[in-house]
Amino acid sequence: MDGMRILWPVILALPATVAAYELDPVYERARAVLEVRCLECHTEEKAKGDLVMTTREGLILGGDGGSSLIPGSPDDSELLKRVCLDADDDERMPPKKNHEPLTQEEIAAISKWIEAGAPWPDGEVLSPRAVTALPRWDTPPDPRIVSIEAFPKNVTLETVADFHRVIVIARFK
């Protein structure tokens with residue numbers, strides 16, 4: 001009985017603990033855009049225009065052009081202004097030289113994130129990510145995936161040479 005009295009506070013605190021680790025979907029969509037489309041050129045190691053976009057503070061501080069992020073005000077945020085410029089404008093980000101402009105969905109994700117006050121988890125530092133990179137370990141499953149199968153069914157990955165022998169098929173809705 002004494003063991004149960006000790007466990008009750010732990011059990012009651014679990015929902016709050018889980019909620020603290022839930023990721024804000026508005027932030028997650030914006031983070032994906034920033035990591036894939038912006039951080040190739042805007043990290044501590046390579047801060048083009050003196051702009052470091054790996055932290056919320058770095059975005060607010062800005063670079064050569066001043067603050068790039070004004071939380072709650074997408075129309076006044078230089079970040080959104082730059083990604084919305086015409087494709088042939090020299091100030092457009094990402095630069096036309098090597099990169100495609102952001103899609104309307106990517107621009108909308110950034111805009112909604114700024115409008116929501118640019119939420120950012122405490123201590124979170126972004127890092128560049130390739131478009132083909134695997135999702136983070138805590139990413140929720142894609143709701144469009146109906147099933148995933150691996151062939152052959154009796155897969156054993158014992159050596160590096162075994163990794164080329166697996167075929168994975170995902171079926172979407």
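## Close-up views of a predicted model

**View 1. Leu 85 in its loop.** Leu 85 is partly exposed, at a relative accessible area of 30%; here buried means under 20% relative accessible area, exposed over 50%, and partly exposed in between (1.4 Å probe, protein chains only). Leu 85 sits in the loop between H4 and helix H5 (104-115). Helices (H or I, at least four residues) and strands (E, at least two) are DSSP runs, numbered from the N terminus. From the C-alpha of Leu 85 to that of Pro 101 is 9.1 Å, with the two residues 16 apart along the chain. A word on the model: it is predicted, so local features need pLDDT of at least 70, side-chain atom pairs count only at pLDDT 80 or more, and totals for chains, interfaces and linings use all residues. Residues are numbered from 1 along each chain as its sequence is written, and side-chain values use heavy atoms, with hydrogens and water left out.

**View 2. The whole protein, for orientation.** The protein has 5 helices and 2 strands, running α-α-α-α-α-β-β from the N terminus on. Of its 173 residues, 25% are buried.

**View 3. Ile 107 in helix H5.** Ile 107 belongs to helix H5 and is buried, with a relative accessible area of 11%.

View 4. The whole structure holds 7 salt bridges, each a side-chain nitrogen of Lys or Arg within 4 Å of a carboxyl oxygen of Asp or Glu. Arg 37 and Glu 106 make one of them, at 2.7 Å from N to O. Since Arg 37 is in helix H2 and Glu 106 in helix H5, this pair ties together parts 69 residues apart in sequence. Arg 37 and Glu 106 are both buried. A network of salt bridges with shared partners joins Glu 28, Arg 31 and Glu 124. Within it, Glu 28 pairs with Arg 31, their closest N and O atoms being 2.6 Å apart. Those two are 3 residues apart in helix H2, so about one helical turn separates them, and both are buried.

**View 5. Glu 35 meets Arg 129.** This salt bridge spans 3.3 Å, N to O. The pair links distant parts of the chain, 94 residues apart: Glu 35 is in helix H2, and Arg 129 is in the loop between H5 and strand E1 (145-151). Glu 35 counts as buried at 7% relative accessibility, whereas Arg 129, at 22%, counts as partly exposed.

**View 6. The largest pocket.** This pocket holds about 600 Å³ of space. Of its 30 lining residues, His 42, Lys 48, Leu 51, Met 93 and Pro 95 are the closest to the centre. On a 1 Å grid over the protein atoms alone, a pocket is an open set of points where a 1.4 Å probe fits, with protein on both sides within 12 Å along at least five of seven lines; lining residues have an atom within 4 Å of a point. Grid points are joined across faces, edges and corners, and the volume is the space filled by probe spheres set on them. Helix H2 (25-38) and helix H4 (78-83) each supply at least two lining residues, and H4 gives the largest share, 4 residues.
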